[in-house]
Amino acid sequence: MHYQTDIMGLFPSAAPTLLAKTRKLCDAARQKGVGIYFAKIQFSPGYPEVSAFNKNGQGIKQLGLFVDDSISPELGRQADEPLIVAHRASVFFGTDLQARLSARGVDTLLMVGIASTGVVLSSVAYASDADFRLFTVKDCCYDPDQVVHDHLFSTAFESRTTVLALADALSLLA
């Protein structure tokens, strides 16, 4: 979730390691035949989707990003891997992701994303409330605030999802 060029550009020191780890996870999922969905936050020029009341959206608008970026090519997205475009932090809010997953009979999600305080928090909360079985790979999630990142994984995420290290996730997919 939100492994896209504009976001990776915001975290240049963390990006190479995150991309390498997440590529390993994607490749393992592909080899096992597990469906991969990519999600990105995107806006139209001028940000007409951003409400004056939405603080997060206003911050994004000020950055001037997420209009014409793409999924990070380092992840090797395949043509048959769906792209979910969201206008809010959650990959579920205002998108057809839940309908797509339900139509395929998907009941279990393995989630990764940037940032933990944004897309991961919002999407894990929604998916948990929607009764998906959840696994979140901590090594493939990132937040610039390491203290809050660690706290979320030991509290809010731990109560909604099974938190895995990358090695454990790879073992599940083996």
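How many nonpolar, polar and charged residues does the lining of the second largest pocket have? In this predicted model, that lining has twelve nonpolar residues, three polar ones and no charged residues. The pocket itself holds about 310 Å³ of space. Its lining is made up of 15 residues, and Ile7, Asn56, Ile60, Phe66 and Ala115 are the ones closest to the centre. H3 gives the largest share, which comes to three residues.

Besides being one of the residues closest to the centre of the second largest pocket, Ala115 is joined to Ile114 by a cis peptide bond, with omega at about 15°. In general, most peptide bonds are trans. As for its place in the chain, Ala115 sits in the loop between S3 and H5.

Now for the largest pocket, which has a volume of about 750 Å³. Its lining counts 31 residues, and those nearest the centre are Gly35, Ile36, Leu109, Leu110 and Met111. By class, 26 of the lining residues are nonpolar, four are polar and one is charged. Several elements take part here: helix H2 (15-32), strand S1, helix H4 (97-103), strand S3 (108-111) and helix H7 (166-173) each bring at least two residues to the lining.

S1, one of those contributors to the largest pocket, covers residues 38-41 and is covered on both faces. Phe38 and Lys40 are buried on one side, while Ala39 and Ile41 are buried on the other. S1 also has a partner: four bridges join it to strand S2 (residues 83-86), and the two run parallel.

S3, another contributor to the largest pocket, belongs to an open sheet of three strands. The order is S3-S4-S5, and the pairing is parallel. Which strands stand at the edges? They are S3 and S5 (162-164); each has a single partner strand, so one side of each is left without a neighbour in the sheet. From one strand to the next, the twist averages 20°. In general terms, the strands of a sheet pair through backbone hydrogen bonds.

Looking at S3 and S4 together, four bridges link these parallel strands. Leu109 has Leu134 of S4 as its bridge partner, and Leu110 has Phe135 of S4. Both Leu109 and Leu110 also turn up among the residues nearest the centre of the largest pocket. S4 has five residues, and because four of them are buried, this strand is largely enclosed by the rest of the structure.

Next come two residues with a backbone angle worth noting. Most residues other than glycine have a negative phi. His2, however, has a positive phi near 65° without being a glycine, and Asp131 likewise is not a glycine but has a positive phi of about 70°. His2 is found in the segment before H1, whereas Asp131 lies in the loop between H5 and strand S4 (133-137). Are these residues buried or exposed? His2 has a relative accessibility of 4%, so it counts as buried. Asp131, at 66% relative accessibility, counts as exposed.

Finally, what about disulfides? The count comes to zero. Cys26 counts as buried because its relative accessibility is 9%. Cys141 is buried too, with a relative accessibility of 4%.

Methods. Residues numbered from 1 in each chain as written. Predicted model: local features only at pLDDT ≥ 70, side-chain atom pairs only at ≥ 80, totals over all residues. Heavy atoms only, no water. Buried < 20%, exposed > 50% of the residue type's maximum accessible area, 1.4 Å probe, protein only. Pairing = 2+ DSSP bridges. 1 Å grid on protein atoms, 1.4 Å probe; cavity = no way out; pocket = protein on both sides within 12 Å on 5 of 7 lines; lining within 4 Å. Points joined across faces, edges and corners; volume = space filled by probe spheres on them. Nonpolar A, V, L, I, M, F, W, Y, C, P; charged D, E, K, R; others polar. Disulfide = S-S within 2.5 Å. Axes fitted to C-alpha atoms, helices over the stretch in contact; angles between N-to-C directions.
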